[in-house]
Amino acid sequence: MTEEIEKYLHKHGHNAWDPRVALFDMDGVLYDSMHNHAIAWRDAMALYDISMTLEDAYKYEGMRGVETIKLIVKQQQGKDISDDEAAKMYDTKAEHYAKCNRAKLIPGVHKLQEDMKSHGLSIGVVTGSAQPTLISRILDDFNGLVSPEIIVTALNIKHGKPAPDPYLKGMEKAGAMPWQTIVVEKSKEIIEILQK
């Protein structure tokens, strides 16, 4: 990993990696919530005659909900819908999610953030979600760790993940450059590290 960082710095003409902010994804990184989202997507979209399997929900995870819905409606029904139509459908998904059991914190994530803060890093969150209850929960569960001014949601961006826009917005809010930013996204390896 150090070699990759050195290559990046050299390629872009920077002298040193100088981490100042860590931007965390939410679902699957802060909360063990992906299964709840998948069920909510499946059940809500079925009301609109859209087939969305649990696997599909994982495939589109990280994208803005409105983008996901517009894409799937186009694929399955061959029509374009407006942002307003997609937003109403996303509201249905949010209602289904609210009925799910409360997702637990990923074990070890508080300690990781505490360690990062002790080394002078600011902590932010970058999520494709636009659900106010989830954002409010972050502020409660990570009070004193996550900086409220460095939270990026689907409401702050036009293009969600996998586009770089959410993380670029997070860096902008933090006043950081790429060589000053750590991104914590979900992966099997990260989850295993957090659970140790």
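K74 is partly exposed in this predicted model, with a relative accessibility of 40%. The residue forms a salt bridge with D80. The closest N and O atoms of K74 and D80 lie 3.5 Å apart, which is within the 4 Å limit for a salt bridge. D80 is exposed, at 63% relative accessible area. That value places D80 in the exposed class because it is over 50%.

This pair belongs to a wider set. A search of the whole structure returns nine salt bridges. R20 has 45% relative accessibility and counts as partly exposed. D18 also counts as partly exposed, with 31% relative accessibility.

A further salt bridge lies within a helix. The side chains of K111 and D115 meet with an N to O distance of 3.0 Å. Both residues belong to helix α6, which covers residues 109-118. K111 and D115 are four residues apart in this helix, so about one helical turn separates them. K111 is exposed, with a relative accessible area of 51%. D115 is partly exposed, with a relative accessibility of 35%. Elsewhere, R102, R137 and D141 form one network. Salt bridges with shared partners join these residues.

Methods. Residues numbered from 1 in each chain as written. Predicted model: local features only at pLDDT ≥ 70, side-chain atom pairs only at ≥ 80, totals over all residues. Heavy atoms only, no water. Buried < 20%, exposed > 50% of the residue type's maximum accessible area, 1.4 Å probe, protein only. Helix = DSSP H or I, 4+ residues; strand = E, 2+ residues; numbered from the N terminus.
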